[in-house]
Amino acid sequence: MQSRTRDYVVNAERIREELRAFARIGYRADGGMYRLAFSRADRQARQRFVYQLRQLGLTVDVDAFGNVFGWLTDQAADPTLPPILLGSHLDTVPGGGRFDGTAGVVAALEVVTVVREHGLRLTRPLGVVAFSCEESSRFGRGTLGSALVAGTVTPEEILDLRDSQGTTLRQVLARSGLYPELLATVRRPPGAFAAYLELHIEQGRVLESTGAVIGIVEAIAAPTRLRVTIVGQADHAGATPMPLRRDALTGAAEIILAIERLALSHPGSVGTVGVVRVEPGAINVIPGRVELGIDLRSADAGTKAALVTAVQQAIAVIARERGLDVECAILTDETPVPLDPALIALLEQCAAARQLPYRRMISGAGHDAMQIAQICPAGMILVPSRAGISHNPHEWTTPDDIAQGTQVLLDAALVLATSG
């Protein structure tokens with residue numbers, strides 16, 4: 001790390017106040033955050049972000065999908081050079097925590113605030129971003145805003161996705177004052193950014209259990225998501241003998257346990273059944289139809305492919321043995337993403353220079369960085385999550401830990417933005 005970057009220190013109290021301000025948007029009495037993508041609260045959070053960018057004198061750019069960019073160009077020697085981009089997302093899962101995504105946006109804001117208040121001269125511009133629809137809670141697919149920017153999805157692939165109310169993404173965008181017909185303009189070409197850095201809470205227990213305060217991500221695990229529909233026969237619960245039943249729910253239960261067993265047998269993998277829909281859902285009726293939502297992940301593409309195949313084979317065997325009909329649809333099949341080795345090394349140098357205990361690690365959660373890595377070098381900083389809790393009102397990362405992560409982000413951003 002260049003020695004002169006150590007002269008600039010982030011303001012922990014300012015970070016704390018920004019986190020509090022965003023936490024007021026979408027907060028409910030149960031302690032959870034409700035900023036579902038494109039909801040009123042999500043729009044309010046992005047509007048506040050726009051306000052903060054304008055207060056800093058940044059040029060604001062909101063694209064057709066609602067991704068919000070702020071550009072700091074007037075302190076750059078060559079404003080035409082590809083910028084260093086920093087950011088994350090502001091949408092949350094229903095009843096989620098106050099740090100997931102938001103911590104990264106606040107950290108990016110703090111970096112440009114420090115650059116502004118010291119009048120630092122940069123070689124190239126700095127950019128900050130809040131990507132839209134990072135969480136998959138509403139439409140079943142995540143990182144949509146960053147995927148459109150990177151061109152890893154096309155508008156045609158996603159516009160007809162539906163939420164739980166049956167409303168299409170196309171309709172939601174139009175109702176939000178955005179432009180579904182212009183989504184093709186969101187895409188940025190390779191090299192549009194010189195580098196992308198993202199700070200995020202870990203959402204796991206590794207940092208806390210090892211005593212490290214900075215996680216430097218080597219690779220991001222990617223999900224394959226399946227929708228499995230199991231069809232048996234709905235019958236009277238009292239009048240149908242056990243040997244004559246075609247119970248879709250008992251078949252589903254066996255599938256769920258098989259997924260747990262198979263994920264354990266593929267090291268480095270995880271398998272989750274997060275959705276179970278049972279029909280007809282009456283206490284005195286044998287379930288005739290069950291829909292499962294399955295999430296399979298690994299940071300190694302070959303391991304994940306083997307797990308997916310094993311799960312599909314197990315589902316077919318269980319269905320055949322139980323006399324059930326089954327349909328298995330792949331909703332998404334993403335590729336694990338290694339992050340940039342040079343940025344990993346830079347982040348290590350920055351953490352070491354500040355004498356902050358750090359470790360290299362894999363991120364089991366998906367992030368916008370995995371999309372932007374397709375068009376520019378990308379790096380990620382993780383900060384500890386208490387007890388590993390996330391997507392939960394009890395999610396907690398101390399403001400001091402966020403400030404330390406932000407310091408590493410600032411130091412790295414200054415090295416990148418002042419280099420040739």
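Trainee: How many residues does α12 have, and how far does it reach from its first C-alpha to its last?

Mentor: Before we start, this is a predicted model, so local features need pLDDT of at least 70 and side-chain atom pairs count only at pLDDT 80 or more, while totals for chains, interfaces and linings use all residues. Residues are numbered from 1 along each chain as its sequence is written, and side-chain values use heavy atoms, with hydrogens and water left out. Now for your helix. Helices (H or I, at least four residues) and strands (E, at least two) are DSSP runs, numbered from the N terminus. The expected span of a helix is 1.5 Å times one less than its number of residues. α12 has 20 residues and spans 28 Å from first to last C-alpha, close to the expected 28 Å.

Trainee: Okay, and how many residues of α12 are buried?

Mentor: Check the cut-offs first: buried means under 20% relative accessible area, exposed means over 50%, and partly exposed is in between (1.4 Å probe, protein chains only). In α12, 18 of the 20 residues are buried, so the helix is largely enclosed by the rest of the structure.

Trainee: Let's do charges. How many salt bridges are found in the whole structure?

Mentor: The idea is that side chains of opposite charge can pair when their charged atoms come close. Here, a salt bridge is a side-chain nitrogen of Lys or Arg within 4 Å of a carboxyl oxygen of Asp or Glu. The whole structure has 20 of them. Have a look at Arg14 and Glu110, whose side chains meet at 2.8 Å, N to O. Arg14 is in helix α1 (residues 12-23) and Glu110 is in helix α3, so this pair ties together parts that are 96 residues apart in sequence. Arg14 is partly exposed at 25%, while Glu110 is buried, with a relative accessible area of 3%.

Trainee: What about Glu17 and Arg20: how many residues apart are they in helix α1?

Mentor: They are 3 residues apart, which means about one helical turn separates them. Their salt bridge has its closest N and O atoms 2.5 Å apart. Glu17 is partly exposed at 35% relative accessibility, and Arg20 is partly exposed at 41%.

Trainee: Which residue does Glu279 form a salt bridge with?

Mentor: Its partner is Arg289, with the closest N and O atoms 3.5 Å apart. Glu279 lies in strand β8 and Arg289 in strand β9, so the pair ties together parts that are 10 residues apart in sequence. Glu279 has another feature: a cis peptide bond joins it to Pro280, with omega about 5°. Pro280 itself is in the loop between β8 and β9 (289-298).

Trainee: Now rings. How many aromatic pairs are there?

Mentor: Rings of Phe, Tyr and Trp (its six-membered ring) pair if their centres lie within 6.5 Å; planes under 30 degrees apart are stacked, over 60 edge-to-face, and the rest tilted. That rule gives 7 aromatic pairs. Phe69 and Trp71 are a stacked pair, 5.4 Å centre to centre with 10° between the planes, and both residues are buried. Phe99 and Trp396 are edge-to-face, at 5.2 Å and 85°. Phe99 is in the loop between β3 (84-89) and α3 (102-117), and Trp396 in the loop between β13 (378-383) and α12 (399-418), so the pair ties together parts 297 residues apart in sequence.

Trainee: Which residues form one aromatic cluster?

Mentor: Phe69, Trp71, Phe131, Phe193 and Tyr196.
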